[in-house]
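This briefing concerns the structure shown below. It is arranged by topic for quick reference.

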Amino acid sequence: MEIQNTQECFVQLWRKLERTRRLFGALRKRFCIRQVLRSWFGSEATDDLIWEVCRLASLSLDEDNPICGWDELPPLSRYPRKHRELLRALVAVKLGIGMRKVNLKAIDKAYSIVFSKSTPINVNKKAAECL
């Protein structure tokens, strides 16, 4: 799979991530970053690649607990932010670009295409609170 910083690639990545989640569920396999990257990239998914993806995803989420490669990921359609940062970090690492260079609008639009019945990722929280 060729990784690109385009909406079309992000649509494919979101779909692949959801298929992987379902497959792992059927196999009773842990749905975590390490397992996902190893299933997608095989031997190319070295510990260094996994560590860098987890590190970048953690930095952008700005949470107290960093994402670990073995941490179970939540369902995509209900908790998309961690997955968005995972895909963002993966693209940044694979293309050798900074996280700010990854097209967030394309990731969010691709999510809305793949999960059309879910709330879009980029909904402004403050605007939603006013409703």
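The model is predicted. Its chain has 6 helices and 0 strands, and the order along the sequence is α-α-α-α-α-α.

**Overall fold**
- The chain has 131 residues, of which 40% count as buried.
- Among contacts between residues at least 6 apart in sequence, 62% join residues at least 24 apart.
- The chain exposes about 8000 Å², and carbon and sulfur atoms supply 48% of that area.

**Helix α4 and His83**
- Helix α4 has 16 residues and reaches 22 Å from its first C-alpha to its last, close to the 22 Å expected at 1.5 Å a residue.
- The buried residues of α4 include Pro80, Leu86, Leu87, Ala89, Leu90, Val91 and Ala92.
- Gly96 follows α4 and has a positive phi, near 70°.
- His83 is found in α4, which covers residues 80-95, and counts as buried because its relative accessibility is 0%.
- The side chain of His83 reaches the backbone oxygen of Pro74 at 2.9 Å.
- Beyond its neighbours within four places in sequence, His83 is in contact with Trp14, Leu17, Phe31, Leu73, Pro74, Pro75 and Leu76.

**Salt bridges**
- The structure holds 10 salt bridges.
- Within helix α1 (residues 7-26), Arg22 and Glu18 are 4 residues apart, which means that about one helical turn separates them.
- Arg22 and Glu18 form a salt bridge, with their closest N and O atoms 3.1 Å apart.
- Arg22 is exposed, with a relative accessible area of 58%, whereas Glu18 counts as buried at 10% relative accessibility.
- Asp47 and Arg34 meet through their side chains in a salt bridge of 2.9 Å, N to O.
- Asp47 lies in helix α3 (residues 47-61) and Arg34 in helix α2 (residues 33-41), so this pair ties together parts that are 13 residues apart in sequence.
- Asp47 counts as partly exposed at 46% relative accessibility, while Arg34 counts as buried at 14%.
- The side chains of Glu85 and Arg84 meet in a salt bridge at 3.3 Å, N to O, and both residues are buried.
- Arg84 and Glu85 are linked with Arg88 and Asp108 in a network of salt bridges.

**Cysteines**
- Cys9 counts as buried at 3% relative accessibility, and Cys54 is buried with a relative accessible area of 4%.
- The count of disulfides comes to 0, where a disulfide requires cysteine sulfur atoms within 2.5 Å.

Notes
Residues are numbered from 1 along each chain as its sequence is written. This is a predicted model: local features need pLDDT of at least 70, side-chain atom pairs count only at pLDDT 80 or more; totals for chains, interfaces and linings use all residues. Side-chain values use heavy atoms; hydrogens and water are left out. Helices (H or I, at least four residues) and strands (E, at least two) are DSSP runs, numbered from the N terminus. Buried means under 20% relative accessible area, exposed over 50%, partly exposed in between (1.4 Å probe, protein chains only). A polar contact is a pair of N or O atoms within 3.5 Å; within protein, one must be able to donate a hydrogen and the other to accept it, and residues adjacent in sequence count only if both atoms are side-chain atoms. Contact means heavy atoms within 4.5 Å. The expected span of a helix is 1.5 Å times one less than its number of residues. Accessible areas come from the Shrake-Rupley method with a 1.4 Å probe; for residues, only the protein chains shown count as cover. A salt bridge is a side-chain nitrogen of Lys or Arg within 4 Å of a carboxyl oxygen of Asp or Glu.
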